[in-house]
Amino acid sequence: MAEVEGPPVRIYEDSSLVATAHIPAKGADRFQEVTFKFLRDGEPFEEKTVAVASADSGSPAGPASDEASDDAAAKTVQCDVNAPLVDDQRDSYLLEYHVFYKVQQPNGNARTQQKLANQKFEVLPRTARLDVTWDADDKPFSNFAFKVQQDGCDETQVRSTFAKEGKNAQGETIPAGTAEFNLELVPGFRIVPDGPYEITEHVQTTGRKRAIKGDVKARARFVSPEKGSVQQWVNYDVEDLGQTGLGHEVTIEVALEADGTVSTSDLSEVHFRVTYGPEPGAAGGIEKSKRDDPDHPTTVFPVGDAAKTTIEEKEPNKKYEGKVEVDNGVAYFKVALGLAGGDTCKVEISGTRKFLSDEGGAPDETLEFENWRRLYYELLVPDILAERAGPKIEEAAKELETNGPKLFIGFVRGATQVFDTIEGADHGTLAPRRFLGLEEDPEEPAYILSGRNWRELPKGVSWKDEHPGKTLHIAVCDAILKWRQDTDDEQAGTHDFSGTVKEVTGTIDVEERFGGRFMPFSGHDAGDGITDVKWSADITKDDPVCKFTPELVIEEERPEEPVGTVLTVTLEPDSALPSLPARIPFRRPAYPDLKIANRTSRAPEGEQGDGSITVKEPNLCKEVTLQFEEPEQESSEEVGLHTAEDSDDWDWDLDFDDVEGVLAQEHADQLETFFLDLFASGKADLQNEEGTNPITIELIGSVGAANRTPILAEATAAVRNAHTQTHGRDHYDFDSQLTEEVGEHIQDFVDALLEYPGAIRTAEDKVTVTLRCSATTGHGEDDCFASVRDKLRECFDTTNSEVCSHPGLDSEQDNEPREGTCTLREMTGVEVSTSTTWHFALPTVTPDERIGPGSFVGPERSKRACPTIIEFSIQPHEASGGESDGFAMAWAHGGESSNRQWVRLVVGGFKNGDESGRVAHGHLETGAAADCLLNGQELCAKCIEHGRSLNPSRAG
């Protein structure tokens, strides 16, 4: 019979199917069996054979007819099968079956006939499973909300992954971050994240078991600084992490925000992009500075745990991308802005990883910095210029503030100090106006700065410097005189002078002799106007006026002083001699100290002792016995005695005021005599190399228990008293013998006296020494004094000889003629000198405190004087409009372009020595930054680029 094929029928997995085979009535008796073969996607998975005898008839019983008879003879064979489960990696499969008939042929042989199935089934899974992990760390993503979308079905139900491990309907364990759900009888499905959640990666995209990586689609925001544009003052030390606009580095604090369905603790990362600029062609023609400074790069740094921050350098010093983990709701990273003015830094952040992917997308928030530098300027004005220079100062200030924004510098005017010129002007700074050739008010003072003193402050004046390292210090003056720079060689054009000087003071006509102007304290390199003024004494050590033999003069002092164990004889040189005093000590032993040892025994209980105490010195075997009268015996409890064995060392400090004395006066006399005899006969045995041995006294005897304490106390007190009474009766004498070491000490003292013949000559060729020693007390003081005096004279007479000395000879250089150099400062008479005439005065002392030529110069060679030869080189001076060295500036207020000169000084001073990161200013090697202002009204592009690239806070 014919069968019609149609589209596959959709069924769920594990559904029960009934496969049917129809056997026609004609020849039905020849069908023996039917075999059903089931296929899954064309692959057999089950086979069943059914005997035809068990088949059902095709039609129910009814009226007989030919056609009815045929239908009645037809049969139906059926077979049950369950649709296998869909594989985890498949969305569905095609199930079909084939029917094979076994038919008996007329010849008796069996033949198999095949009939392909006319019905196919698309088997779909009943359930599916989704595994979600965090994109950041691949850990299970709990409570990930999503919907399941199937074609033709409404996606209304919101599902979520398990927050923790659980069980499904079959009792199987389902881990956290996993969800199971039913599927409609529709092939395929899609996962659609719900709410703030997003899929960052599809790990498994087909099958009933899907796997994705997810994240929370949160919004990133700037916590501090807040989003927007910031004018950042990069020449400040970082304050408040740079978040308040101060410092060349800023710590960026960011956070993530999501809707109320997500806890901020689930938010993980902020993604950022940092771009430094401006890019070429930006508005105003300003682009990122070419400043090259590895110590202050434009870059991005992690903050805290570097493992939590990922930074990728896309373009060195210009573009960076990265991400930072959120901890406790916030995260941090740092941007270094460099030091160049006008540079920008744009920071963009997003809460999604897609922000940095190819998909791109707008940032959640943007923060942009523009580098500025803030500088203050402080004026120092002498009171004589306060009114005269005022208008020029205002013009220059306006010029400075006009040009500042071009360099991205905000200039702020600070203090203006007006000081008392007469009181505070430095030496060589204040001069009559005639000194400069000014005819108007020639005797009025002019304030002149030079290479030496323009960096120095007037006396009693200091910069307020309220902003250290960021304040220009501008000293205003009438004129600046510096060495002329006619050639690259500073010594070219130098004029030399050489001559013999016989007087301390003199005059040289500078204009006539050297063809220039004179300034006593100037110099391009902060030296003096005239360098290396050489001088030498015109005398030799063979000159007879230089030779003499010193004489020793000894003076004595013998003050009354108490005798002690040390006697000092002091040798004090005359104050004109530079040598130090010498002290010779003589020693004698001290009277021995006393040590008392208790060697008595206690009489038996109830018995009295013999009442005697023997005082014995065991080392010298001398003793004396004292007899005591013992009172009636009392119990030890009544008198508070020791009941244990007493210590040998008797050093009690007891109060026996209530105990009557039992020692007679005769015993005290005995003890005093005992000590005198003991020391007189044994003092030689009572000393050793370390000093004096103590006098050891042992108390020996048997004393009743009741009276032991008072008797021993009385005996001890008597012994101590006797020792004290005899202490001053006799002493050792001082040993006047000089040791070899002492003799060498005196010889060293004499050598030191004779080491300075110049000082001896100043002291009228005499060496005066005062010997000081205590007056005699009968203990050998005179002998000690005499031994030192005699040794002093002996050493002096042995060592003394003819010596050579003269103020013009250098004793440290084998008495060669003294020579040296002076600075112009040391030999100029400023009060009478002019810019064309130099009045000199030879110094008496050199800077290193040695003798100067002014102390011995004279017309003839004599005992203390001689002529002096001087030589020096001089360079003429010229006027300067201003000088700068970092933040220190000197500015001459006169002249038509002095206001632009001020700006030029500021820009030129920023270089502060080796500021290697700067960009060249373009005024050739011989020019200076901002020279263009002297020839026009505007800073040139090169100078603007140069000024932007400088770090002004390194100066000052």
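What is the accessible surface of the protein, and how much of it belongs to carbon and sulfur atoms? In this predicted model, the accessible surface comes to about 48000 Å², of which 44% belongs to carbon and sulfur atoms, the areas being computed by the Shrake-Rupley method with a 1.4 Å probe. Local features need pLDDT of at least 70 and side-chain atom pairs count only at pLDDT 80 or more, while totals for chains, interfaces and linings use all residues. Residues are numbered from 1 along each chain as its sequence is written, and side-chain values use heavy atoms, with hydrogens and water left out.

Of the 956 residues in the protein, 45% are buried (under 20% relative accessible area, with a 1.4 Å probe and protein chains only). The protein has 13 helices and 58 strands, taken as DSSP runs of H or I with at least four residues and of E with at least two, numbered from the N terminus.

Four strands form an open sheet in the order 38-49-39-40, with mixed pairing, where two strands pair if DSSP finds at least two bridges between them. Strand 38 (551-557) and strand 40 (582-587) are the edge strands, each pairing on one side only, and the twist from one strand to the next averages 20 degrees (axes are lines fitted to C-alpha atoms, for helices over the stretch in contact, and angles run from 0 to 180 degrees between N-to-C directions). Strand 39 (residues 566-573) pairs with strand 49 (residues 766-772) in the antiparallel sense over four bridges, and Glu572 has Thr770 in strand 49 as its bridge partner.

Helix 8 (residues 740-753) lies across strand 39, strand 40 and strand 49, running at about 165 degrees to strand 40. Helix 10 (residues 781-799) packs on the sheet, touching strand 38, strand 39, strand 40 and strand 49, with contact meaning heavy atoms within 4.5 Å, and its direction makes about 170 degrees with that of strand 38.

Terms used. Buried means under 20% relative accessible area, exposed over 50%, partly exposed in between (1.4 Å probe, protein chains only).
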